[in-house]
Amino acid sequence: MILIRNVRLVDARGERGPADVLIGEGRILSLEGGEAKQVVDGTGCFLAPGFLDLHAHLREPGEEVKEDLFSGLLAAVRGGYTDLVSMPNTKPPVDTPEAVRALKEKAKALGLARLHPAAALTLGQEGKHLAPAGLLREAGAVLLTDDGRTNEDAGVLAAGLLMAAPLGLPVAVHAEDAGLRRNGVMNDGPLADLLGLPGNPPEAEAARIARDLEVLRYALRRSQATPRLHVQHLSTKRGLELLREAKRAGLPVTAEATPHHLTLTEEALKAFDPLFKVAPPLRTREDQEALVEGLLDGTLDAIATDHAPHTLAEKEMDLLRAPFGIPSLEVAFPLLYTELHLKRGFPLPRLVALFTDGPRQVLGLPPLHLEEGAEASLVLLSPKERPVDPRAFASKARYSPWAGWVLGGWPVLTLVAGRIVHEALK
Amino acid sequence: MRHLLDFQGWNRPEVESLLDTARVMREVLERPVKKVPALQGFTVATVFFEPSTRTRISFELAARRMSADVVSFAAQTSSLQKGESYKDTLLTLEAMGVDAYVIRADSAGVPHQATRWVKGAVINGGDGRRAHPTQALLDAYTLLEALGTLEGKKVAIVGDILHSRVARSNAELLPLLGAQVFCAGPPSLLPQSLPGVHLTPHLEEALEEADAVMVLRLQKERMEAGLVHLEDYIARYQVTERRLARAKPQAPLLHPGPMNRDVELEGGLADSARSLVNRQVQNGVAVRMAVLYHLLVGREKA
């Protein structure tokens with residue numbers, strides 16, 4: 001039994017408290033205290049349901065030099081995540097039921113965050129032949145995606161949506177038109193022209209979202225079950241507008257935005273530092289404002305990290321050759337708590353919803369709220385501010401675009417079904 | 001000036017001081033013994049992650065004319081082939097006591113990145129599409145020789161502007177000296193914007209009353225990427241005797257080399273009286289001597 005005393009409660013429904021939260025048998029037993037062996041003083045802190053990340057690259061199998069299940073899932077619990085969806089673009093890609101099972105079993109034995117593997121939509125993520133969706137679902141895959149690549153063949157994507165629909169699996173897309181994107185390494189526009197870096201235009205994202213929404217309409221018309229499309233790491237104002245229209249029209253589409261697109265802009269590329277090289281690229285202030293609007297009005301369902309670790313040596317290559325990606329599992333919540341809630345008054349319950357019920361809904365999971373009887377997957381967040389120190393990361397990627405940023409809202413206690421998996425109280 | 005990366009944040013007196021030094025160096029190069037001891041004891045490394053014989057030789061000659069020791073690193077014959085990173089390559093050279101690095105790379109920003117890794121002076125020898133500052137300096141020097149001043153002068157730059165570091169560096173530098181820069185090229189090879197520069201898809205607009213014309217090399221890769229059709233380019237953008245009639249009489253003609261005769265430039269024009277191509281090459285050594293002098297000796301004094 002654990003008792004968290006005098007703590008404010010925040011979930012998707014709102015903020016309340018203070019309460020004395022008694023935890024036992026993996027559940028919240030009471031919000032009014034009780035006897036417990038372990039007592040945690042929650043004064044000044046707030047308690048939220050455990051976070052779910054829809055989009056993390058844990059690199060196992062095949063690229064353990066960048067990250068593995070242990071380092072990645074430890075980073076997750078330190079970031080307040082109790083559940084995490086791993087992307088299938090490993091080496092080899094996760095496109096067999098055996099691979100899904102192996103990941104689930106290994107992660108379970110680690111006893112950190114719970115792993116929900118995403119599997120490849122197509123064999124080898126090559127975009128040509130569908131992977132065995134039904135078998136992958138049976139093995140425990142929660143989502144199908146060729147993320148890391150773009151789905152150039154719209155017909156294959158349509159077939160994938162049709163196959164996934166009766167299985168209840170969402171299909172997630174990295175929506176960028178490969179032809180327009182070409183070899184772009186930063187947002188296309190006057191700054192890319194000035195810096196002499198190949199540009200990846202915002203229209204590449206919008207064009208692909210527009211196409212994929214038509215593919216979804218096609219699948220919807222052809223299917224008895226509801227096909228569900230999930231748009232990953234939305235980065236542009238125009239893309240957001242297309243999604244808003246689609247949602248208004250009732251299309252079964254969901255979308256996520258990342259901590260980096262919400263807190264950084266293309267201006268960061270001025271220092272020619274590949275730490276800021278990511279796909280889709282960091283955009284303009286205007287795009288960022290549109291994304292924040294989208295978080296508020298529900299066009300965006302989730303904040304997902306797109307945690308994409310690489311070795312420091314890789315991120316110190318030149319801007320053409322360095323790989324795309326920013327690691328963020330350990331800073332995502334503090335970053336948005338500080339930059340959106342503290343600095344801009346973004347409502348805290350909505351922010352928490354974007355880390356909890358929003359992503360849960362994308363996967364078809366029931367909401368998780370702080371109430372008697374609820375599963376005790378929880379995160380205790382401290383308002384105490386401290387600077388981001390990448391050297392202390394659990395992730396193997398010990399660098400960060402946010403190094404030195406002073407943030408509050410750090411997870412000091414993470415519980416998965418009543419079990420403490422991360423503790424930094426003192 | 002600690003490094004020469006580009007001309008962002010530079011002012012006119014700084015540029016003029018550098019060009020004044022280049023004039024002194026030009027005189028040295030006219031002497032029977034073309035060598036001064038100014039950089040004795042300094043070591044200059046040319047670090048070419050992307051091959052370029054002309055620029056490398058020009059820098060090495062510039063360093064040797066001033067008695068510096070020169071070491072040269074070329075990607076094709078080096079540890080880079082064994083997977084060594086740019087950073088480790090530079091740190092190795094640093095450990096050997098190099099004072100200045102001339103860095104050439106196919107990616108924009110490598111010289112900027114290098115300044116975070118080494119203590120020595122970094123000179124951008126051309127980085128991707130980004131900048132080629134010593135080329136722009138030698139172009140400015142050559143233009144000043146020919147025109148006397150750049151104040152109010154119209155300079156046309158013609159060709160693949162989008163992918164050209166020479167165009168970008170000249171677009172930064174020449175306006176600092178009072179010039180009006182017009183960049184003309186096929187629309188698929190033009191950037192959206194460059195600060196302080198007129199961009200146009202109409203060659204005639206750029207050439208009209210131009211005081212000088214700079215022609216850029218059209219690279220084969222652009223045709224291979226499907227961005228432009230070679231014959232269409234030649235028909236509409238080749239700088240020819242007839243088209244040059246729009247420019248001021250005897251407006252000088254520049255080309256950074258290497259040249260594709262009869263592609264971007266009508267073959268014979270390169271050898272005509274108005275061509276300053278050889279002068280550019282000669283001035284290149286003097287300008288690079290001036291840059292090395294300012295960075296190494298200037299730094300000692302600072």
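Student: Is A:Lys66 buried or exposed?

Tutor: First, the ground rules. This is a predicted model, where local features need pLDDT of at least 70, side-chain atom pairs count only at pLDDT 80 or more, and totals for chains, interfaces and linings use all residues. Residues are numbered from 1 along each chain as its sequence is written, chains are lettered from A and ligands numbered from 1 in the order in which they are written, and side-chain values use heavy atoms, with hydrogens and water left out. Now the terms: buried means under 20% relative accessible area, exposed over 50%, and partly exposed in between (1.4 Å probe, protein chains only). A:Lys66 has 6% relative accessibility, so A:Lys66 counts as buried.

Student: Which residue forms a salt bridge with A:Lys66?

Tutor: Side chains of opposite charge can pair when their charged atoms come close. The rule for a salt bridge is a side-chain nitrogen of Lys or Arg within 4 Å of a carboxyl oxygen of Asp or Glu. Here the partner is A:Glu63, with the closest N and O atoms 3.8 Å apart. A:Glu63 is buried too, at 13% relative accessibility.

Student: How far apart are the closest N and O atoms of A:Lys343 and A:Glu339?

Tutor: They are 3.0 Å apart, in a salt bridge. Look at the helix, a DSSP run (H or I, at least four residues), numbered from the N terminus. Both residues sit in helix α12 (residues 332–344) of chain A, four residues apart, so about one helical turn separates them. A:Lys343 is exposed at 58%, while A:Glu339 is buried at 16%.

Student: Where do B:Arg23 and B:Asp20 lie?

Tutor: Both are in helix α1 (residues 12–30) of chain B, three residues apart, about one turn. B:Arg23 is partly exposed at 34%, and B:Asp20 is partly exposed at 43%.

Student: How much area do chain A and chain B bury between them?

Tutor: The size of an interface is often given as the accessible area lost when the parts come together. Buried area is that loss (1.4 Å probe), summed over both parts. Chain A and chain B bury about 1,700 Å², 47% of it on carbon and sulfur atoms. A:Asp193, A:Leu194 and A:Phe272 supply 35% of the area that chain A buries against chain B, more than any other three residues.

Student: How many salt bridges are there between chain A and chain B?

Tutor: Two. A:Arg321 and B:Asp106 meet in a salt bridge, 2.5 Å from N to O.

Technical notes. Buried area is the accessible area (1.4 Å probe) that two parts lose on being put together, summed over both. Helices (H or I, at least four residues) and strands (E, at least two) are DSSP runs, numbered from the N terminus.
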